[in-house]
Amino acid sequence: MSNQEIAEAMRNHHALMAQQLHTLAGHVVTQKEEWGTARNEVGMYLTDDILPHAAAEELTIYRVAAQVDSMKGLIDSMLFEHGVIREIREELMGASMWEEAVTFSTEAAKLFEIHAEKENRFIIAVLEPRSDVDLASVLGDMHHLLSR
Ligand SMILES: [Fe+2]
Ligand SMILES: [Fe+2]
């Protein structure tokens, strides 16, 4: 597949994850009585989907992007945001009140949305037209890491 097709698939996957996280965070807001269950769903989605995605990126697309001189600082900031998402997940799972769970799950959803959009605009869009970058092999490596 062409870089363009892979870039499109990556953007679609980001949109799906951001949407799902917003939906689950919304359940924490609306399900005050059952907030613990709704909170656990957000935590599970972060643990099972978002954070493995982030870890796979760190070993694949971020490494490729970091080879481009102008992107080194950006990649440092993206790694920092992965760390913040991991911290918010810890805080969310340690929440003892509904209000805290609302705050942390909403924060996680908003931060991930912005983070994924930054990847779309400032990493994927920059790598996509480069003839020295093979996004198909980057995505293949990501899938390989995620399926282990
Ligand atoms: Fe990321
Ligand atoms: Fe991502």
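**Exercise 1. State which helices the buried residues of α2 pack against in this predicted model, and describe the course of α2.**

Solution. 
Step 1. The buried residues of α2 pack against α1 (3–30), α3 (61–66), α4 (72–93), α5 (98–127) and α6.
Step 2. Those buried residues are Trp35, Ala38, Arg39, Val42, Gly43, Tyr45, Leu46, Ile50, Ala54, Ala56 and Glu57.
Step 3. Helix α2 covers residues 35–59, 25 residues in total. From its first C-alpha to its last, α2 reaches 35 Å, which is close to the 36 Å expected at 1.5 Å a residue.
Step 4. At Leu46, one of the buried residues, the helix bends by about 40 degrees.

**Exercise 2. Determine how α2 and α6 are arranged, and which residues make the contact.**

Solution. 
Step 1. The axes of α2 and α6 come within 9 Å and cross at roughly 130 degrees.
Step 2. An angle over 145 degrees would count as roughly antiparallel, and 65 to 115 as roughly perpendicular; α2 is therefore oblique to α6.
Step 3. The crossing of these two helices is right-handed.
Step 4. On the α2 side the contact is made by Pro52, Ala56, Glu57 and Leu59, and on the α6 side by Met142, Leu145 and Leu146.

**Exercise 3. Describe the crossing of α4 and α5.**

Solution. 
Step 1. The two axes come within 10 Å and cross at roughly 160 degrees.
Step 2. Because angles over 145 degrees count as roughly antiparallel, α4 and α5 are roughly antiparallel to each other.
Step 3. The crossing is left-handed.
Step 4. Residues of α4 that meet α5 include Leu74, Met78, Glu81 and Ile85. The residues of α5 that meet α4 include Phe104, Leu111, Phe112 and Phe122.

**Exercise 4. Describe the surroundings of Asn3.**

Solution. 
Step 1. Asn3 lies in helix α1.
Step 2. With 18 C-beta neighbours inside 10 Å, Asn3 counts as partly exposed.
Step 3. Leaving aside neighbours within four places in sequence, Asn3 is in contact with Glu128, Val133 and Leu135.
Step 4. Asn3 and Pro129 are 126 residues apart in sequence, yet 7.3 Å apart in space, C-alpha to C-alpha.

Methods. Residues are numbered from 1 along each chain as its sequence is written. Chains are lettered from A and ligands numbered from 1 in the order in which they are written. This is a predicted model: local features need pLDDT of at least 70, side-chain atom pairs count only at pLDDT 80 or more; totals for chains, interfaces and linings use all residues. Helices (H or I, at least four residues) and strands (E, at least two) are DSSP runs, numbered from the N terminus. The expected span of a helix is 1.5 Å times one less than its number of residues. The bend at a residue is the angle between axes fitted to the seven residues ending there and the seven starting there. A residue is buried if 20 or more other C-beta atoms lie within 10 Å of its own, exposed if 12 or fewer, and partly exposed in between; C-beta atoms are placed from the backbone. Two residues are in contact if their C-beta atoms, placed from the backbone, lie within 7 Å. Axes are lines fitted to C-alpha atoms, for helices over the stretch in contact, and angles run from 0 to 180 degrees between N-to-C directions. Angles under 35 degrees count as roughly parallel, over 145 as roughly antiparallel, 65 to 115 as roughly perpendicular and the rest as oblique. A crossing is left-handed if the near helix is turned anticlockwise from the far one by less than a right angle, and right-handed if clockwise.
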